[in-house]
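Student: I would like to learn how to read a structure like this. Can we go through it feature by feature?

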Amino acid sequence: MFLYSLTIQPPTSVTQAILGQFSGTKEQQIITASGSRLTLLRPDPSQGKVITLLSHEIFGIIRSIAAFRLAGSNKDYIILATDSGRIAIVEYIPQQNRFKLQKLETFGKSGVRRVIPGQYLACDPKGRACLIASVEKNKLVYVLNRNAQAELTISSPLEAHKPGTIVLSMVSLDVGYANPVFAALEVDYSEADQDPSGQALQEIETQLVYYELDLGLNHVVRRWHEPVDPTASMLFQVPGGNDGPSGVLVCGEENVTYRHSNQEAFRVPVPRRKGATEDPQRKRTIVSGVMHKLKGNVGAFFFLLQTEDGDLFKVTIDMAEDDEGNATGEVRRLKIKYFDTVPVSTSLCILKSGFLFVASEFGNHHFYQFEKLGDDDDELEFSSDNFPTDPRASYDPVYFYPRPAENLSLVESINSMNPLIDCRVANLTGDDAPQIYSICGNGARSTFRTLKHGLEVNEIVASELPGIPSAVWTTKLNRQDQYDAYIILSFSNGTLVLSIGETVEEVTDTGFLSSVPTLAVQQLGEDGLIQVHPKGIRHIVRGRVNEWEAPQHRSIVAASTNERQVAIALSSGEIVYFEMDTDGSLAEYDEKKEMFGTVTCLSLGDVPEGRLRSSFLAVGCDDCTVRVLSLDPDSTLESKSVQALTAAPSALTIMSMEDSSTGGTTLYLHIGLHSGVYLRTVLDEITGELTDTRQKFLGPKHVRLFQVSVQGQRCVLGLSSRTWLGYSDPITKGFMMTPLDYSDLEWGWNFSSEQCEEGMVGIQGQNLKIFSIDKLGETILQQSIPLTYTPKRLVKHPDQSYFYTIESENNTLPPELRAQLLADPGVVNGDAAVLPPEEFGYPRGRGRWASCISVIDPLTERKVLQTLHLTENEAAVSMATVSFASQDNETFLVVGTGKDMIVSPRQFSAGFIHVYRFRDDGREIEFIHKTKVEEPPMALMQFQGRLLAGIGKTLRAYDLGLRQLLRKAQAEVAPQLIVSIQTQGSRIIVGDVQQSVTYVVYKYESNKLIPFADDSVARWTNCTAMVDYESVAGGDKFGNVWIVRCPQKASEEADEDAVGAHIQHAREYLHGTSHRVSLMTHFYTQDVPTSITKTNLVVGGQDVLLWSGVQGTVGVFIPFVSREDVDFFQSLESHMRTEDPPLAGRDHLMYRSYYVPVKGVIDGDLCERFTLLPTEKKQMIAGDLDRSVREIERKISDLRTRSAF
């Protein structure tokens, strides 16, 4: 078995974001690290948008990133600390839009380990050195410089190791041009390690340590250390040199302290929230923050620090002044005040243009604009003058009232599906391709999202017309015009001309013949217009009309035009060709070319730049052929090549497009067939030969093709049962054919006016529509519906288009307790304000659970229809829809809950199974009864008209009774805890939290559940799906996806024996069942799989395995059909490993074999990087594989387009 792994949606969680001028211009850009992806974002202040310029898969785990700039340079480099055991310095090359590796220095083993540096990375602000440190013991300093050729150089590493220490946080100090200094928060555990009594552990202290790099002596010394607050966990750099006092802010539990080796300490507490539902004793910790220097005088800087509630606090430092009022660099006090509340972030970036980028820990990332800096508001400010510097001294806590944002306004919310908890694939809209329905996010910001393959369309105009038009065109009046002047609509009995201006209105004096339908319209020469109609051609020049009439008893059936040529096909099968003379009139070519059969479509293509004519005419006939005719003066209308097709062609377009295989542009012939298939063929510009055909099925209707322009590039609009756009991908330059999220059109054309420079006009039924496409990069559309709490499971109603989620939130006050606290007579006015939980979160309460069940309609109303809250501190953990055979196969919703649960270590007081009946076709649910069980049931499933529940180690079958569920069969089948159940026939696959999967068979006659095969490897299973009757695909918590298969003999034995006595008494093997499963495939995905399903994503495509990962990744595994393809892609993958090694120096084979050697899976993401290689490398690989470059690219793109998005 061989699979091809592809990513449909890359991870969207951002672990770190940094700011810098990576292009070498004044413009600031953001680089984000998401799992194994490095993404370059360009914030556009004029539009208030964030544009993705480049996303690069580095095939390694990014642990930390930093930006640095060599002195005197205007360009920032990126330092990557990854799991490769190497430090990588990367430069962005804007001309080629790619990352280039500048330096790669090996220092240790690969992998994410305690003592291998890479967890912490700090750069000297002047770009002279960087420190890379591990969690424990090891620190390395690299000196960065440039040589005589102005190239970047990196020194050998200088060691600053200290055994027995754990680093909690690390930053570089801003010391101007003095020796670089790095500050670290360290805990020395060596004494606590040796002390058996545990006394030393109580007295352990956290220290702030300064490491100085002596540039003269070229070594690192531990210059200064001082104990700080034992709860300290984060450091922030304070500006130094000419900008401020230098030093660091040390952030701990409810305190922020300024520390420096030659200054006094100053401390302020982190204010607590005030309110009726808030716990007045709960202390806050700073989790993220940013420092920003303002232009102007010394000391003009501030910090924005964020607590785990999402509240931002503005921290400023007052400095002592001399007699003239200038700051001296001596710190007087530290001040803190409430600023605003934003989602909890992993990184904050303040741009000089007045924007704040928030890389959210969960949910969408936000882009805010600063309205003001919060200087002159009446918010309470707390100063360090009133608080002791000793962390152990007592003080009165300070409070603030949270309020809606005043200083920041949200400009753009960037879609992020992290954490993605569960997903289902279903086709509810009746489109060709199914949609992916998922639940993601956490707390009140969690959402139910619909993912759909398509490009977003921006509709500008939709207006009804007097009749049903058959076609539409737009045209300019003169060649030099920037915008179109007319819209021409053709009806079955006439033609309507509309002029485009401030308004669109009908005009009659254009010279167009309005009593006949139109076949083509073209602006010809400098200022002429052409109208082709069934009886002839009208040539309108400056108001004069020249008419060419079709021969008697014959009419024109097809036409194609460009600005210098016209070709028409007559009903008799003849082709008449015209070319523009020097005086601007149309000259007919003497001979008519007779074709075999009726002509269905023609295409001339545009006149290439600097030429007089297009060299080729493509002719499609109903005998299922396309012929290419020459238009050169010495061989006019001679046949150059023929292509046979599977059906009659319905549309042709000759156009040049960007080509990834040559790096330039290539002439293509696009062909649409009556059967709904679209073909793209390379048309040789010299010989007219047709080569390298790629095809895609667009829909059951015949295809029409039109040349349009989007974002300055030529694209092809394909119309079938859906509307498609063919274009070059902005980053990879590969050809993409993507559906538009729009109603199906019958005709389309380019449209350009002052209001809409790059649009399209189309006909849908009786409506005229004008629309544009703004983003070509994002091919997956998302629609969100907000949920109440963090979702845990998602199930679909078996017949209706409704989904049901269970949601639960730990350490959160449930609604009834919140209402009780707010109704308390002691609550004063300000305390009773209830703020929206989407922004401010729910009030916390230790040991409390808030949980609910939601009914969602994603199709018509697009909202949550019903929310049912659970009471008595119960939290929902599992869910299934079950049709009970004893109730005439009526379907019920079954929910498993736990009472008083503690997540770690696992504790609970009871477990329950609730049963709900569907009302109103599933729009509502109604509680029937609940059954108490020993443990919270972590997995539920329908099985042969009953309910299967995994309760701890036990698998139990229930039937529905009047008062409660009735036990029917049970067996202890799992070693620890059942977390997933899959069934097929009488076979049950049970996933255990720690011990992989067990195959169980149910014997109806003896009413027994008997395990008969299990795994020899302990896999920490998250999710499972049956691939076929013998095989199971699963994902584990370490990021692996695998397929295991039960031995054929064991499978047959399990099904043969009716009573099951034979298997039940079979000899155990190594404390397990009598048989072991064998591993078929294994692959490391670099994300924790949360769901895996077998489905198909493309109309007529094969079944694939679709998996979702917690960081928002969606990927597929496509099975190979032929051995020949496997051999080809295996050799391509091995070539790619050597020719395009991962950017950060990780070995690709080792990376994909993180825990277990990769088996039976080819990495499609690596193979797809083939299109990005330089041309000479492509040709070298193609030569080794004995294929052409185009052929390799076609095979790569076909695998994706035929099975996935």
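**Reading the chain, its charges and its contacts**

Tutor: Start with one stretch. Over residues 458-773 the chain is 0% helix and 55% strand, and its end C-alpha atoms are 6 Å apart. Helices (H or I, at least four residues) and strands (E, at least two) are DSSP runs, numbered from the N terminus. This is a predicted model: local features need pLDDT of at least 70, side-chain atom pairs count only at pLDDT 80 or more, and totals for chains, interfaces and linings use all residues. Residues are numbered from 1 along each chain as its sequence is written, and side-chain values use heavy atoms, with hydrogens and water left out.

Student: What does UniProt list for residues 458-773?

Tutor: The unreviewed entry lists "domain: RSE1/DDB1/CPSF1 second beta-propeller". Such annotations may be inferred rather than shown by experiment.

Student: How many salt bridges does a search of the whole structure find?

Tutor: First the idea. A salt bridge is a side-chain nitrogen of Lys or Arg within 4 Å of a carboxyl oxygen of Asp or Glu. The search finds 72. One of them joins Arg42 and Asp44, at 3.7 Å, N to O.

Student: Is Asp44 buried or exposed?

Tutor: Buried means under 20% relative accessible area, exposed over 50%, partly exposed in between (1.4 Å probe, protein chains only). Asp44 has 8% relative accessibility, so Asp44 counts as buried. Arg42 is partly exposed, at 24%.

Student: Which residue forms a salt bridge with Glu926?

Tutor: Arg919 does, with the closest N and O atoms 2.8 Å apart. Glu926 is partly exposed at 33%. Arg919 is partly exposed too, at 37%.

Student: What parts does the salt bridge between Arg1200 and Glu1168 tie together?

Tutor: The closest N and O atoms of Arg1200 and Glu1168 are 2.7 Å apart. Arg1200 lies in helix α11 (residues 1189-1203) and Glu1168 in the loop between α9 (1164-1167) and α10 (1175-1185), so the pair ties together parts 32 residues apart in sequence. Arg1200 is buried, at 17%.

Student: Which residues do salt bridges with shared partners join into one network?

Tutor: Arg273, Glu278, Arg282, Arg284, Asp309, Asp311 and Arg844.

Student: Which residues gather in a patch of negative charge on the surface?

Tutor: Patch residues have over 30% relative accessible area and no salt bridge, and like charges are joined within 9 Å. Asp and Glu count as negative. Here the patch holds Glu321, Asp322, Asp323 and Glu324. Glu321 is in strand β26 (residues 311-321). Glu321 is exposed, at 56%.

Terms used. Patch = residues over 30% accessible without salt bridge, like charges linked within 9 Å, V, L, I, M, F, W, Y side chains within 5 Å. Areas by Shrake-Rupley, 256 points an atom, 1.4 Å probe, with all protein chains shown as cover. Charge placed at Lys NZ, Arg CZ, Asp CG, Glu CD.
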